[in-house]
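Look over the sequence and the model first, then read on.

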Amino acid sequence: MKKQLLKIMIPALSMAVAGAASAQTVRLASEGAYAPFNYMDDSGTLAGFEIDLGNALCERAELDCEWVQNEWDSMIPNLVAGNYDGILAGMTITEERLQTIDFSDEYFPPDPSKFVVLKGTPLDTSALSGLKIGVQGGTIQAAYAEETYGADNDILSFETGDQAIADLAAGNVDVVLADGGFVDPVIEGSQGAIVLAGDEVLIGGGMGVGMRKDDDALEAAFNAALASMKADGSLDALIQEYFNRGPFYAD
Amino acid sequence: MLENPILNDIATLAKPALFNIYFALASIPVGFPLAVLLAVGKCQRSRWLRWPSSAFVYAFRGSPLFIQFFMVYSVMLSFNLSHWKPMGIDWLVMHPLFIGPVVLVANTSAYAAEIFYGALRAVPKGQIEAAQALGMSRWRVFRSVSWPQALRLAWPAYTNELVFLFHATTLVYFTLPVINEQKDLMNKAGELFERDYNAVLHYSVAALYFLVISIVIFRFAAWYHTRLNRHLAPAERPPAPSFKPRYLR
Amino acid sequence: MLESFLTFLGQYLPDSLMASLHYLTSGKHLAWYASLRYTLGAALLGAALAVLFGLAGAAMKSARFAPLRAIGHIYTTMVRGVPDVLFFLFFPLAFEQAVEYFFAQRLCSADELAAAGSWPPCQAAQWYLGTTEYFILACVSLGLVYGAFAANVIHGAMQSVPAGQIEAARAYGFSDRQVFWRFRVRQMWVYALPGLSNVWMLLLKATSLLSLLQIADIVQWAERLGAPNYLARVGPVHPDWRWKYYMALFVFYILLTMLSEWFFRKLQARAGRGILSQS
């Protein structure tokens with residue numbers, strides 16, 4: 001019985017493994033909880049700036065792409081484990097991440113991080129103390145807050161950016177530090193309940209597509225596609241559509 | 001840092017283990033009396049006492065702890081601005097070190113109440129009638145006749161519940177925000193795993209901590225069981241709680 | 001079809017009710033309802049596997065061959081010392097790495113194996129885990145964990161089969177194997193049912209953990225639907241509504257428990273027919 005099972009299992013598994021290695025399909029992962037970079041739209045599918053961008057890149061590189069939704073905190077491990085081939089999830093290119101994975105050229109310019117608070121809360125960002133600071137765990141903002149404010153404040157790490165904002169809106173954290181591109185629509189949509197505070201800080205570089213280190217072909221293909229999107233202004237148009245900013249990459 | 005990866009992990013996970021122990025230790029002293037109250041409530045003839053206790057026990061036994069955590073946190077959060085802040089207790093009641101035990105207490109008291117309820121019903125009716133005939137008050141009957149026997153009957157199953165409760169502490173930080181470096185075993189093991197992808201090493205060491213502490217709980221419970229039954233000759237004592245699986249949650 | 005049905009209802013129902021109906025039938029909500037298939041599928045498949053593993057574990061526990069008996073004992077005591085969550089997370093990871101190790105030995109070159117910089121050593125040994133694979137692995141881990149519980153229940157139930165029957169069977173010349181299958185296993189169900197229903201309840205509740213394995217189950221969709229939204233292009237703008245969705249899940253699981261209890265009561269009544277000790 002056991003032997004028979006193995007006889008069936010081994011070819012099936014080798015097919016699965018070989019299939020994964022030779023398939024032309026490129027799997028792209030995103031979080032789906034970081035609007036407008038990536039989110040679940042009202043029909044329940046992944047959408048947003050990075051989804052449009054990823055699809056455009058695949059079209060230019062003539063790749064067959066499909067999307068995988070993955071939680072933020074296991075984003076890099078699951079890339080390395082081979083569950084998908086690329087990350088487009090508002091991930092900033094940092095030295096620390098470059099030790100584990102590779103990034104394409106940037107597709108979104110360095111985005112200053114911003115502090116947001118409930119209306120009527122004064123905040124001196126140069127001397128925070130005794131506060132509850134909300135961040136999304138595993139982000140550059142989390143690392144920055146830990147290093148800069150960790151000694152005198154409590155840093156609350158949430159699984160998603162949305163959760164951090166929910167706790168801010170409910171007054172459970174005093175301030176949230178997050179990417180400007182993520183908090184701008186929150187400030188606008190909260191109708192004055194959530195406001196900007198203090199100075200913005202530039203923590204990391206731009207955002208890029210995260211890929212495994214040995215995936216050089218995919219990296220080259222994405223970089224070429226990105227270059228052409230920058231050259232013909234279509235990347236700027238996408239950024240304009242979702243963030244109302246730019247142009248950044250026009251000559 | 002130590003050379004041996006296993007010893008290294010044991011050292012790294014020592015502090016996170018304290019968080020699991022804290023969550024269990026903070027829940028048991030409240031969960032136990034609440035469970036007794038609920039069990040007594042379930043035994044009452046008055047529908048106003050019986051119904052709420054039964055409903056509470058049913059709801060918290062009938063739904064996953066994972067969802068109870070999410071639910072309690074989000075409900076507490078929605079009262080933060082309107083209630084906790086004005087009362088000045090938001091720093092306490094919204095803290096994972098507080099909400100964690102609150103949910104665990106609700107959960108464990110429901111399970112334990114069902115155990116105690118079963119034990120209270122198993123106390124021979126004749127003894128209670130005899131006690132009443134002697135003119136004992138209801139409290140006196142409970143205190144001197146039903147409860148001491150029910151506790152002895154329920155102890156092995158309650159031991160089991162304690163171990164389950166300890167294991168259930170793993171869910172706290174899957175559902176609540178992590179403050180600074182306050183991380184539990186699962187949390188820390190996951191973090192170590194993400195660094196070097198050595199699942200076997202890190203999760204096994206975390207499992208080792210759970211195993212050792214579970215055995216300590218069983219040992220302690222077995223010792224107390226002997227104490228509870230010291231009036232009986234060794235041969236007549238009911239089997240002590242042991243690591244051998246006998247009970248389900 | 002849904003749209004036309006809603007239009008039809010709109011003729012009779014007040015606008016406020018229609019608004020909630022439209023909200024509750026958005027694509028995102030439909031995806032939530034559809035994700036129930038993972039929860040129920042994992043419960044049913046996990047339970048089937050748990051019974052299989054349970055039978056195997058119980059058989060091993062009562063085996064004559066000592067090492068087999070030891071394995072049975074280790075398997076059934078495992079759940080006493082280690083939390084199910086830990087096993088639930090660990091098993092799929094370890095299984096994936098074991099499979100990749102197996103293929104790395106065959107498919108990767110010696111240089112790649114020696115380098116050992118990343119895991120797996122070469123791309124050819126990479127095993128892709130999608131939702132389906134994770135789902136199957138999750139069911140197997142559920143089956144393994146709760147199979148250990150089931151093994152205890154089944155082992156106990158087998159011991160409850162009256163010894164006289166077993167002796168009579170032996171006296172009639174039935175072989176060991178026949179005695180096991182035709183007497184012990186046949187008869188033990190009625191004794192095992194209460195315990196197995198308990199295992200089912202535990203397993204049902206454990207299905208809420210599927211989201212930990214990157215499966216978009218009802219818990220994950222509840223989180224997505226309830227999270228506050230400030231951007232009209234994402235969907236309806238609303239504050240934090242997670243408590244509503246989690247309460248719905250809380251009630252939903254209680255209803256599932258009630259349904260299961262009713263089902264097992266019926267089953268128990270059926271299985272207990274004609275058995276003396278049941279009365």
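The radius of gyration is taken over C-alpha atoms, and the globule rule is 2.2 Å times the number of residues to the power 0.38. By that rule a compact globule of 279 residues would come near 19 Å, but chain C has 25 Å. This is a predicted model: local features need pLDDT of at least 70, side-chain atom pairs count only at pLDDT 80 or more, and totals for chains, interfaces and linings use all residues. Residues are numbered from 1 along each chain as its sequence is written, while chains are lettered from A and ligands numbered from 1 in the order in which they are written.

**Confidence**

The model scores ipTM 0.93 and pTM 0.92. The predictor's confidence in each residue, pLDDT, runs from 0 to 100. Chain C averages a pLDDT of 89, and 96% of its residues score at least 70.

**Chain C**

Helices (H or I, at least four residues) and strands (E, at least two) are DSSP runs, numbered from the N terminus. Chain C has 12 helices and zero strands. Its C-alpha trace spans about 75 × 70 × 35 Å along the principal axes. A residue is buried if 20 or more other C-beta atoms lie within 10 Å of its own, exposed if 12 or fewer, and partly exposed in between, with C-beta atoms placed from the backbone. Buried residues make up 39% of the 279 in chain C. Two residues are in contact if their C-beta atoms, placed from the backbone, lie within 7 Å. Take the contacts in chain C between residues at least 6 apart in sequence: 69% of them join residues at least 24 apart.

**A sheet across two chains**

Two strands pair if DSSP finds at least two bridges between them. Six strands form an open sheet with mixed pairing, in the order S12(A)-S8(A)-S11(A)-S9(A)-S10(A)-S1(B). Its edges are strand S12 (194-201) of chain A and strand S1 (178-179) of chain B, each pairing on one side only. Helix H6 (residues 161-169) of chain A packs on the sheet. It touches S8, S9, S10, S11 and S12 of chain A. The direction of H6(A) makes about 155 degrees with that of S9(A); axes are lines fitted to C-alpha atoms, for helices over the stretch in contact, and angles run from 0 to 180 degrees between N-to-C directions.

Strands of a sheet pair through backbone hydrogen bonds, either parallel or antiparallel.

| Strand pair | Bridges | Opposite residues |
|---|---|---|
| S10(A) and S1(B) | two bridges | A:Ser157 and B:Val178 |
| S8(A) and S11(A) | four bridges | A:Lys114 and A:Ala178 |

**Chain B and its neighbours**

How many residues of chain B are in contact with chain A? There are 13, and they meet 13 residues of chain A. H4, helix H5 (80-87) and S1 of chain B each give two or more residues to this side. H5(B) gives the largest share, three residues.

The contact between chains B and C takes 33 residues from chain B and 35 from chain C. On the chain B side, helix H4 (65-78), helix H9 (138-168) and helix H12 (199-228) each give two or more residues. H12(B) has the largest share, nine residues. This side divides into 24 nonpolar, seven polar and two charged residues. Ala, Val, Leu, Ile, Met, Phe, Trp, Tyr, Cys and Pro count as nonpolar, Asp, Glu, Lys and Arg as charged, and the others, Gly among them, as polar.
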